[in-house]
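Here's a quick tour of one protein model, written for someone just starting out. Have a look at the structure first, then read on.

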Amino acid sequence: MQITAETPFKASIVPLPLSNIAQGFSSITSSAARVARQATLNQAITCVGIGLHSGARVRMVLNPAPVDHGIVFKRSDLPESRLIPARHDHVVCTRLSTVIAHPDAPDIRIATIEHLMAALHANGIDNALIEIDGPETPVLDGSAAEFDFLIQCAGTVMQEPARSFIEVLRPVRVEEASGAYAELRPARSGMALAMSIDFAASVIGQQRHAMPLTLERFRQEVGFCRTFVERKEIEALQKMGLARGGSLHNAIVVEDDTVLNPCGLRHPKEFVRHKLMDAVGDLYLAGHTLQAGFMGHKSGHGLNNRLLHALFASPENWRLVDGERAEQPVLRATA
Ligand SMILES: [Zn+2]
């Protein structure tokens, strides 16, 4: 299956024996829903592409996983198999992307997980094992749309246990001297996000976007929005070993008032919408979806991660709620 007509990336559905993880599956849905049940993929699916920053060609397999497994990454190219749960406290770098590593082996890392995490979050996938034979996820088209497509192709299986979620109990805020900030506030239900940005480049300028997190709104408004970079930054980034896989096929490149991509933008506010999509992915590193309102101003991977650390710094800030008993807390959180 060819993902797009203009890129060399390929995806193919790879059946996986489900005999060892089938317990608890109760039904199959073609589109994921934000329901009270846990969910995983119906079958494994593979794609091949290059990493945005490493430039390395990698093969990634999204596998189903049993209940209460969570989203877990694995470097399939390394002889010693180590699992890296996608959690905020396993993040080791937030410069231009979110990088996680094994807590006992910091060299075993996987970079640029945020767009895949956003697609998994929006699709309500609670349990998946992500195998990658290199140090970075494939960038695909620079958005979450093709990860979302892969998840759609694999299908979603509802699992019997209820989905737990994290309820934010009081406002939590982190900020920088630049005026950038990220904040979580209590919400009566679900998750909503608002993001604003302010760039000197006139083609970006000031932009704002807000939306509730539903799969439909994610697909319609932010999932397709690509990462972006200013042309003047590219040479310095590549000298630092970053953006080596970047191209006009997988990133918007801007220069003052001009978008250099021949096909232009996918949406006039593609920039802020991409930053909001990044936050959807970064916040899923809480380990569960949140019942909260998120507000970010010029917030990127670093502030998003600091926000989760601040949230979990005090048990007064949050509680884990069993979806089966959503009206009452069943477990007081511990940091
Ligand atoms: Zn991004």
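Helices here are DSSP runs of H or I with at least four residues, strands are runs of E with at least two, and both are numbered from the N terminus. This is a predicted model, where local features need pLDDT of at least 70 and side-chain atom pairs count only at pLDDT 80 or more, while totals for chains, interfaces and linings use all residues. Residues are numbered from 1 along each chain as its sequence is written.

Let's begin with H301, found in helix α6 (residues 301–312). An unreviewed UniProt entry lists H301 under "active site"; such annotations may be inferred rather than shown by experiment. Is H301 buried or exposed? H301 is buried, because 23 other C-beta atoms lie within 10 Å (20 or more counts as buried, 12 or fewer as exposed, and in between as partly exposed, with C-beta atoms placed from the backbone). Leaving out residues up to four places away in sequence, H301 touches T94, S97, T98, E114, D278 and D282. Contact means that the C-beta atoms, placed from the backbone, lie within 7 Å.

Strands pair if DSSP finds at least two bridges between them.

| β19 | 252–255 |

β19 and β20 run antiparallel, joined by 2 bridges, and E255 has T258 in β20 as its bridge partner.

Definitions and conventions: Contact = placed C-beta atoms within 7 Å.
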